[in-house]
Amino acid sequence: MATDGPDHILLVGVNHKTAPVGIREKIALAAGADDSLTAFKGLPGCRECFLLSTCNRVEALWVGDGGDQAARDMTAFLFGDNLTENGADYLYRYEEAAAVHHLFTVASSLDSMVVGEAQILGQLKAAYRQAAAAGCVGAILNRLLPKSFTVAKRVRSETGIGLSTVSISYAAVELAKKIFGSLQGKNVLLIGAGEMAELAMTHLLNQKIAAVTVVNRTLAHAKELAGRFHGQAAALPELLARLETVDIVISSTGAAGLILLKENLVPVMRRRRNRPLFFIDIAVPRDLDPALNELENTYLYDIDDLGGVVEVNRGEREKEAVKAQLIVTEETEKFMAWRQNLALNPTILQLRRHVEEICAHELAKTTAKMPELSETNHASLERMLAAVAGKIVHAPLQYLKQQDGAGSERENKADVVRRVFGFDDESPAS
Amino acid sequence: MEQMTGALFDAVLAVAVLTAVAYLIFFIRQNSGLRHVARMLMMVSGVLQLLYIFARFSRLGAMPLTNPHEAVVFFACAATWAYLTFRWRYKVKNFGAFVSILVALLLALAALFSATFSPAPAISKTLWLPVHAGLSLAAYSFFSLAFCGGLMYLLQERELKGKHFGYFFSRLPSLDALDQLNSHCLAIGFILLTMGIVSGSLWLWQVHGVYWRWGEKEVSSALIWLVYLVQLHQRFTVGWRGKRAAAMAVIGFVVIVLTLMLVVTPSGGAGIHGN
């Protein structure tokens, strides 16, 4: 009964710190979240699973069989056919308490490229809804994931980390200011009409920019997003023409390859009379040719580069991050205690059932020899036996339920009780 | 009188160096209290330079542009006042640090030349010579501001293109501000330079009866004028801006300094407008 072995929490992933954008591109699960989840759930030994894929990270969380085989299966699943010679070097792997700690850290935005940004919590919630809809979550993840949301909220309300919420879009604004001075009257072009494009606009909209144009492969989507910013929409073939009149370009399409090359831009820059053009590429895989940055008066930043900008004022938040780490650690301990109790529960149940069965058995044996026993007396005997049983199990239950002590000690407790009462037949104590 | 102007020059140099040091410390520490001090020192420095030039004027009875020392002091003074008036209209972050260092260097250079009063030659006592020299040096002062802005632009551009945000990223202004400074200084400087050349030509006509000679001074002025004409032309026709314009501002200024040295030194104390 391999699938009934003890549940193991295992987390495998990559993020912006462990892998450059080139590697992350390879595992961005473009196949569609539902298909990926189904494939993930189909791995042998998997009982619950959860997938989070954003442009900065991919996290695969698993509850099921532990051990190296599971981790290998997950790595193979993440990289698929794209597994390069040493793709596994970019992965991190956490188990049990460390996995819980990592998840809470991610949810609280402490592991984000931009520490304290709020986008990750929304992405986590969406991924949870998806996993729940696909029937991938069970008892453990149904507690762990909602718990991670409350941890994130606690971190947000008890530390100053969210106060000066800085995001990629904020970093983009700071950079744009170093290029253009003020952003007032500047024109912004969005390539791609996805959620990232919208998020990137949040800070820009406060900068009194002149107009927003949305260019998208599907014109209807472009129109929909442009409507929200009171901007214009255009189809993808118009891209080069539109580039002549804008100042800031934010690209976030789901295209598999580059959509703008250096040689496309050279004549555009000439027609612009070299007015500076600032490109922000937040798509993974990248949309814009990295060589664009070599052109004069053209500045190209991808999301890794933007992370470097935010690094500049990261120091201020470092202190708050320490406070936040303490909260995460505390909540991890609480969760692991809950896990331990869950592990104890079978022992507690078994203890109760064991004593109750003995009582019922002995009562039946005794009453069989006493046909004259009245109903009321029978009930009294039952009550007496229940009281005896309760008194016998009281002390062992208290012993099991005591919350102090580390995890291994609690496991020992369960073991001691099981041996004393001889629950495990093959155990030498019986 | 000589002693008095000598002491005044020492004061001018000391205050200019002090201003540069104050701006430099402000640049490193970014403490806004210090900026106020540095700005006041810059004003004092500008006033002292004017006083020094006026002292020499009253002693000479003519515009004090008779020797390299006076010319370089005038250059520094024009740069200081160009900066002060520029600052009044535009705000370019930490521009003062660069300009104050340039002014201090110019005044230190002036200290190397002899400050003795040479009797003003009769031919320089015409109206057009001081006008010509003053206009040309004022033009150079604007080009020197463009030079400072160009240096700052190149430093900031390197941070932005290289994507590692080091020491200068937060301390230097936006590329746009520096490019505007460039075009502003280039336009004013070019107008002044053109007027300087025209007045020089009028002076030549007054003294020698010709508008143009192929002397080393005339050739170097024409060279500088051409260098800036090309910049201006390219900027307004094909849109040379940004890094290229900044680099040109730096090169143009280097050409100015080189030709000034060439013209000034062989003639010794005879003055840049001798002959």
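**Sheet architecture and chain contact in the predicted model**

In the predicted model, strands E8 (residues 248-251) and E9 (residues 277-281) of chain A are paired in the parallel sense through four bridges. Within this pairing, Ser251(A) has Asp281(A) of E9(A) as its bridge partner. Both strands belong to an open sheet of six strands in chain A, ordered E7-E6-E5-E8-E9-E10 and with parallel pairing. The edges of the sheet are formed by strand E7 (232-235) and strand E10 (298-302) of chain A; each has a single partner strand, so one side of each lacks a neighbour in the sheet. On average, and with direction ignored, neighbouring strands of this sheet are turned by 20° against each other. Helix H9 (residues 219-228) of chain A packs on the sheet, where it touches E7 and strand E6 (211-216) of chain A. The direction of H9 makes about 160° with that of E6(A).

Chain A as a whole contains 15 helices and ten strands. Of its 430 residues, 40% count as buried. Among contacts in chain A with a separation of 6 or more, 73% are accounted for by residues 24 or more positions apart.

The contact between chains A and B draws on 17 residues from chain A and 16 residues from chain B. On the side of chain A that touches chain B, at least two residues each are supplied by helix H7 (168-180), strand E10 and helix H12 (303-311) of chain A. H7(A) gives the most to this side, with four residues. By residue class, the side of chain A that touches chain B comprises seven nonpolar, five polar and five charged residues.

Notes:
Residues numbered from 1 in each chain as written. Chains lettered and ligands numbered in written order. Predicted model: local features only at pLDDT ≥ 70, side-chain atom pairs only at ≥ 80, totals over all residues. Buried ≥ 20, exposed ≤ 12 C-beta atoms within 10 Å, placed from the backbone. Contact = placed C-beta atoms within 7 Å. Pairing = 2+ DSSP bridges. Axes fitted to C-alpha atoms, helices over the stretch in contact; angles between N-to-C directions. Nonpolar A, V, L, I, M, F, W, Y, C, P; charged D, E, K, R; others polar.
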